[in-house]
Amino acid sequence: MAGSNCTPVTAFSLMGLTNDPGAQAALFLLFLLIYIVTILANLGMLTLIVASPRLHTPMYYFLGNLAFVDLCSSTAITPKLLADFLSEKKLVTYTGCVAQVFIFDILRVTEGFLLAMMAYDRYVAICRPLLYLVTMSPKCCFQLVTCSYLLGLTNGVGQTIGMLHLSFCSSSVIDHFFCDISPLISLSTSDTTLNQIMLRTLASLFGVSSGLVVLLSYIAIISTILSIRSAEGKCKAFSTCASHLAVVSIFYGTSIFMYLKASSRDDKRAAVLYTVVTPMLNPLIYSLRNQEVKEALRRLTKMKRSCMLYM
């Protein structure tokens, strides 16, 4: 435990990605462009799903929630990062740091379970097509999405409560570009044994369980696809889950890289991938690789043009 003469920290200083002014200017422009694309792509995906009756299906219900989570997670991290590129002192208040930990830990786990629910949806569609409408009913989809958010909330509350019991006395400099629980635990002057156990337990529990759902779903999916005799049938079946498989690969690829990181620099690189880049890539992958999304966009565009002609 910290000593009684410990002065509570009221603000933290973030080291950021680099101290080179030239590099900071270039990174600001790059990340600003990425953030703009992220906002437009995810808002566009949400609008398209809501406005297109053809996309009112379980898969796009999950995709709409994924776009919402990506929008929120990017907004929780990127604006502060952009502001820090233009600021000499990269300060964040203690309250702001706690809030960032809470929001990010909710959204990260929620995204993992949404991807797991989407994998289960593809499993039912490909392996149990005759039972699809019954199994993936609106009530079931709502329950699965609600469960994803509740599990994310559980993780956020657990990590935040753990952080509130930490003392910060000797240093207030965080070797990162945002408030993440791992560097904060390393920075604390109090006994962090319980926090380390909680971090690893929650990460393992939520990460392994969501990953297991994805893995088992795709084992069954691949087995079913391989049993299809015609090449056209195999191609059609695989195309229904290709976009999701690409998104899952990015999500779990960055997560695995986080655990295999060798230094704080690797930690930051992995964090950039899953906090800044991935929220931009997810809607782009679904819009560029998905024929249903492209067709819905064409129909919506034609409807808008028709409405403008009659006005």
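**Entry 1: the cavity**

I looked up the lining of the largest cavity and found Ser 73, Phe 104, Leu 107, Arg 108, Glu 111, Tyr 274 and Thr 275. Helix 3 and helix 10 (264-289) are the elements that give two or more residues to this lining. Helix 3 gives the most, with four residues. I sorted the lining of the largest cavity by class: three nonpolar, two polar and two charged residues. The space in the largest cavity is about 50 Å³. I also checked the count: the structure holds one cavity of 30 Å³ or more. I note here that this is a predicted model.

**Entry 2: the second largest pocket**

Next I turned to the second largest pocket. Its space comes to about 340 Å³. I count on 15 residues for its lining, and Met 59, Tyr 60, Arg 122, Thr 240 and Glu 292 lie nearest the centre. Which helices supply at least two residues each to this lining? I found helix 2 (58-85), helix 3, helix 9 (242-260) and helix 11 (291-310). The classes in the lining of the second largest pocket are six nonpolar, six polar and three charged residues.

Three of them form an open sheet in the order 2-1-3, and the pairing is mixed. Strand 2 (91-93) and strand 3 (173-174) stand at the edges. Each of these two has a single partner strand, so one side of each is left without a neighbour in the sheet. Opposite Val 173 in strand 3 I found Ser 13. Helix 3 (residues 94-127) lies across strand 1, strand 2 and strand 3. I noted its angle to strand 2 as about 85°.

**Entry 3: helix 5 and helix 7**

Last, I checked a helix pair. The axes of helix 5 (residues 138-164) and helix 7 (residues 193-227) come within 10 Å. They cross at roughly 170°. Angles over 145 degrees count as roughly antiparallel, and helix 5 and helix 7 are therefore roughly antiparallel to each other. I listed who makes the contact. Helix 5 contributes Leu 151, Thr 154, Asn 155, Gly 158, Gln 159, Gly 162 and Met 163. Helix 7 contributes Asn 195, Met 198, Leu 199, Leu 202 and Phe 206. How do the residues of this contact divide by class, and how many are charged? I found six nonpolar and six polar residues, and no charged ones.

Conventions:
Residues are numbered from 1 along each chain as its sequence is written. This is a predicted model: local features need pLDDT of at least 70, side-chain atom pairs count only at pLDDT 80 or more; totals for chains, interfaces and linings use all residues. Side-chain values use heavy atoms; hydrogens and water are left out. Axes are lines fitted to C-alpha atoms, for helices over the stretch in contact, and angles run from 0 to 180 degrees between N-to-C directions. Angles under 35 degrees count as roughly parallel, over 145 as roughly antiparallel, 65 to 115 as roughly perpendicular and the rest as oblique. Contact means heavy atoms within 4.5 Å. Ala, Val, Leu, Ile, Met, Phe, Trp, Tyr, Cys and Pro count as nonpolar, Asp, Glu, Lys and Arg as charged, and the others, Gly among them, as polar. Two strands pair if DSSP finds at least two bridges between them. On a 1 Å grid over the protein atoms alone, a cavity is a set of points where a 1.4 Å probe fits but cannot get out, and a pocket is an open set with protein on both sides within 12 Å along at least five of seven lines; lining residues have an atom within 4 Å of a point. Grid points are joined across faces, edges and corners, and a volume is the space filled by probe spheres set on the points.
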